[in-house]
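Welcome, and please load the model in your viewer. We will go from one selection to the next and look at what is there.

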Amino acid sequence: MNTDSMTGEVLETDAVAESMELVPLNLAGLDEAALIEMFPTPVQAAGALIWARATNARAPKALSDYRTKLRKAQRDKKIAIGRAVKDLREDYPRATLTELRDLAYGADDRVIATLDAEDDAWLEFEYAKDYAAAIKEDIEILRSINANFRGEHR
């Protein structure tokens with residue numbers, strides 16, 4: 001699937017729709033050859049398991065990198081807020097710290113940019129955590145498939 005860069009809307013293209021095959025709902029009506037075509041070969045299943053394990057081995061470093069990026073974005077946000085509050089203190093000497101922070105969040109371009117960067121870093125970190133969890137789940141499924149293949153091909 002592609003996304004429209006202006007609106008963020010997810011678009012389905014013909015190439016994507018054509019490359020994706022759906023599993024038919026009438027499995028009982030399919031002949032044995034059609035059913036066999038739907039399932040991976042033992043070599044494909046073993047290859048998928050090897051790929052998933054390699055991806056899983058890289059997950060801790062990737063998560064650490066995304067966590068570091070998130071912490072840096074949070075630190076940058078605190079620094080930008082501090083600088084904005086310091087600058088706003090000159091214009092509003094009688095304002096409380098809470099009022100100055102609120103003004104900084106809404107009016108200072110540096111703070112707004114760091115808020116966006118923090119949101120992006122947080123989303124990337126959450127996506128990475130979800131991806132790592134999905135890979136672990138895939139490994140369990142692939143291990144089960146490979147165990148069944150070993151039993152069938154003895």
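Helices here are DSSP runs (H or I, at least four residues), as strands are (E, at least two), numbered from the N terminus. This is a predicted model, where local features need pLDDT of at least 70 and side-chain atom pairs count only at pLDDT 80 or more, while totals for chains, interfaces and linings use all residues. Residues are numbered from 1 along each chain as its sequence is written, and side-chain values use heavy atoms, with hydrogens and water left out.

Select Tyr127 and Tyr131, which both sit in helix α5, four residues apart, about one turn of the helix. How many aromatic pairs does a search of the whole structure find? It finds one. Rings of Phe, Tyr and Trp (its six-membered ring) pair if their centres lie within 6.5 Å; planes under 30 degrees apart count as stacked, over 60 as edge-to-face and the rest as tilted. Tyr127 and Tyr131 make a stacked pair, with 6.2 Å centre to centre and 25 degrees between the planes.

Now colour by accessibility: buried means under 20% relative accessible area, exposed over 50%, partly exposed in between (1.4 Å probe, protein chains only). Tyr127 has 58% and is therefore exposed, whereas Tyr131, at 38%, is partly exposed.

**Stop two: Glu118**

Stay in helix α5 (residues 109–152) and pick Glu118. Its relative accessible area is 12%, so Glu118 is buried. Show its contacts, meaning heavy atoms within 4.5 Å. Leaving out residues up to four places away in sequence, Glu118 touches Leu70, Ala73, Gln74 and Lys77.

**Stop three: Leu49**

Next, go to Leu49 in helix α3. Is Leu49 buried or exposed? At 8% relative accessibility, it is buried. Leu49 touches Ile139, Leu142, Arg143 and Asn146, again not counting residues up to four places away in sequence.

**Stop four: where α3 meets α4**

Finally, show α3 (residues 42–91) with α4 (residues 97–107), whose axes come within 9 Å and cross at roughly 110 degrees. Axes are lines fitted to C-alpha atoms, for helices over the stretch in contact, and angles run from 0 to 180 degrees between N-to-C directions. On the α3 side, select Lys77, Ile81, Ala84, Val85, Leu88 and Arg89; these meet Leu97, Leu100, Arg101, Leu103, Ala104 and Tyr105 in α4.
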